[in-house]
Amino acid sequence: SSSSSSSSSSSSSSSSSSSSSADARRRRKDASNDDKTREETRAKLLATVTALDAKVGDLPGTKHKPHPTEPDDNNPSLADDGTAGYIVSADGSHMTFFGGRGGSEGAGFGLAGTAGGDAADAVREEAEGKRGMNAAMVDALLLHNKVRWRDETKPSRRVHIGNVHGGATAEEFARVLETRVRTLFPGAVPWHYPLDKRGRVDERRAPGTRVIEHLYLNDKGFGFLETTALEDVPAILALNGVRVNGSATRFRRPKDYDPDANPLVRDGSYREVFDRVFTAVLSDRVADSPAKVFVGGVDPRALTKLDLLEIVTSFGALGAFRCDEDGAGRCRGCAWMEYEEGESVAAKAIAGLNGYQLRGKPIAAAPATPRAEVSRDRGERRYTYEVPPEATPLLEPPQRVLAFSNVLVRGCARADRAVATEDTLAECAGFGNVLSHHVVDEGAEGADEGAEELDAVRDALFVEFARVETATIAAHAFHRREYDSRVVECRFFPLTEYQRMFGKGFPPRTVEEKQAAALKMMDFLAGTAGSGTGRLEA
């Protein structure tokens with residue numbers, strides 16, 4: 001019995017050892033086959049990426065032709081792993097391009113310091129932690145995820161370009177933007193342009209990537225660009241208004257942009273990343289100077305910071321921009337800015353922005369600190385963010401009644417006062433229906449309790465409009481204008497106070513008042529209101 005049991009145990013051990021060795025040989029063979037299969041897969045992926053870069057974005061009948069470029073010492077040619085050129089479509093229109101045709105090559109995937117770099121590190125770490133994954137298999141997996149990252153993040157890396165000058169080519173456009181970022185704001189994108197201890201770009205540590213990976217310009221005045229990394233987009237948006245071939249270019253998100261699809265939004269880091277990169281290019285510290293501009297009266301529900309930026313940069317690029325924002329990124333109503341080209345552009349912007357209708361509501365624009373002295377020492381510069389007195393009257397709650405100051409001057413002849421009144425009323429009628437007006441006569445005297453009220457408005461001209469909207473537009477047009485070498489001040493006046501003080505707007509009560517109103521209406525209908533002749537002719 002004991003001999004039989006020992007023989008059975010020896011036979012089972014020999015069979016188990018032979019089976020384990022066979023399993024080992026089988027695993028080695030499977031691993032070899034897997035390596036061969038993954039090498040073939042990697043080669044196919046490379047071919048697929050090449051085909052995508054060559055075909056995506058081309059329409060039927062499209063012809064690719066080389067576009068001659070003449071870079072000089074001041075505008076060096078950008079490194080381009082595709083070829084700069086232009087596309088002639090079947091309909092005769094053309095589009096210049098820069099970068100690999102058909103879309104981004106996905107260089108942002110694996111770029112250290114960006115979301116793409118973190119995504120690549122996560123894929124690599126997960127792959128290396130699995131058994132049986134060799135270096136070739138990890139590379140193939142990274143390449144696959146690179147293509148996925150490129151395609152999935154493309155809408156979030158895309159920027160619309162507007163107001164493009166017809167003579168600009170895509171390569172010239174890309175050179176201007178890239179050079180501006182590299183020379184003036186390299187610290188905003190350290191993943192492309194790392195800095196040394198002296199604050200200069202460290203070429204030895206630079207990865208060789210660029211902010212603009214791909215750019216198309218249409219001959220109809222617009223185009224699109226794609227940034228290398230998701231974090232590059234705020235740097236481009238901050239360049240709104242930069243002049244290329246004499247045109248103030250506009251950058252914005254495309255209409256089909258979906259914030260929820262942006263990986264930075266999904267992981268909750270978008271706001272922090274946007275503010276950090278955006279302010280590194282366009283500072284939010286606006287120093288007091290004669291070129292500083294204030295914009296107020298913006299409806300908090302209407303515009304975001306970028307919406308307002310797109311509007312104010314229509315006049316030129318900004319050197320600094322500050323906007324009071326709420327938690328959702330909407331402008332709370334006021335902003336301060338400084339234009340790069342100084343006081344001349346600032347004056348032009350104030351004239352264009354003051355009274356500009358934003359979502360049906362006019363905004364106010366004025367010099368923020370017109371009497372400030374510019375100091376060359378940055379340490380002595382002042383940074384104040386207050387509403388200037390010149391804009392305060394326009395930010396009050398709008399009314400139907402406007403009070404004009406400095407149109408009438410105390411002590412002038414009665415005929416001059418009448419001419420000034422007629423001129424003002426004629427201009428007011430150009431904005432809309434004027435219901436009434438009132439001028440406090442120089443010699444008018446009120447009761448003891450009303451004397452102070454009359455003294456306060458004795459030199460004012462009051463005009464009542466039929467609509468608040470009309471009065472608001474007129475106020476922005478008249479305020480701070482000159483009349484006979486005098487600066488006119490215009491402010492809203494409460495309708496109830498106007499009616500109480502001057503008896504305007506009350507219906508006739510006595511028989512005499514009703515008769516006077518009827519006679520006045522007959523004069524008006526006859527076309528000679530106030531003269532009395534219309535009633536006689538009727």
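This is a predicted model: local features need pLDDT of at least 70, side-chain atom pairs count only at pLDDT 80 or more; totals for chains, interfaces and linings use all residues.
Biologist: Why is the pair of Tyr270 and Phe274 called tilted?

Modeller: Two rings pair if their centres lie within 6.5 Å, and planes under 30 degrees apart would be stacked while those over 60 would be edge-to-face. The centres of Tyr270 and Phe274 are 5.7 Å apart and their planes stand at 35°, so the pair is tilted. The pair is one of 13 aromatic pairs counted by this rule.

Biologist: What separates Tyr270 and Phe274 along helix H7?

Modeller: Both residues belong to H7 (residues 270–281), and because they are 4 residues apart, about one helical turn separates them. Tyr270 and Phe274 are both buried.

Biologist: Why is the pair of Phe462 and Phe502 called tilted?

Modeller: Here the ring centres are 5.2 Å apart and the planes are at 50°, an angle that has to be set against the limits of 30 and 60 degrees, and therefore the pair is tilted. Since Phe462 is in strand S18 (residues 461–465) and Phe502 in helix H13 (residues 495–502), the pair ties together parts that are 40 residues apart in sequence.

Biologist: How do you know whether Phe502 is buried or exposed?

Modeller: Buried means under 20% relative accessible area, and Phe502, at 14%, therefore counts as buried. Phe462 has a relative accessible area of 0%, so Phe462 is buried by that cut-off as well. Phe462 and Phe502 form one aromatic cluster together with Phe493 and Tyr498.

Biologist: What makes S11 and S15 edge strands?

Modeller: The open sheet has 4 strands in the order S11-S12-S10-S15, with antiparallel pairing. Strand S11 (318–325) and strand S15 (364–367) each pair on one side only, and these are the edge strands. Neighbouring strands of this sheet are turned by 15° against each other on average, with direction ignored.

Biologist: What lines the largest cavity, and which element gives the most to its lining?

Modeller: The count comes to 1 cavity of 30 Å³ or more, and the largest cavity has a volume of about 100 Å³. Its lining residues include Asp423, Thr424, Glu427 and Arg481. Helix H10 gives the most, with 3 residues, and by class the lining has 4 nonpolar, 1 polar and 4 charged residues.

Conventions:
Residues are numbered from 1 along each chain as its sequence is written. Side-chain values use heavy atoms; hydrogens and water are left out. On a 1 Å grid over the protein atoms alone, a cavity is a set of points where a 1.4 Å probe fits but cannot get out, and a pocket is an open set with protein on both sides within 12 Å along at least five of seven lines; lining residues have an atom within 4 Å of a point. Grid points are joined across faces, edges and corners, and a volume is the space filled by probe spheres set on the points. Helices (H or I, at least four residues) and strands (E, at least two) are DSSP runs, numbered from the N terminus. Ala, Val, Leu, Ile, Met, Phe, Trp, Tyr, Cys and Pro count as nonpolar, Asp, Glu, Lys and Arg as charged, and the others, Gly among them, as polar. Two strands pair if DSSP finds at least two bridges between them. Axes are lines fitted to C-alpha atoms, for helices over the stretch in contact, and angles run from 0 to 180 degrees between N-to-C directions. Rings of Phe, Tyr and Trp (its six-membered ring) pair if their centres lie within 6.5 Å; planes under 30 degrees apart count as stacked, over 60 as edge-to-face and the rest as tilted. Buried means under 20% relative accessible area, exposed over 50%, partly exposed in between (1.4 Å probe, protein chains only).
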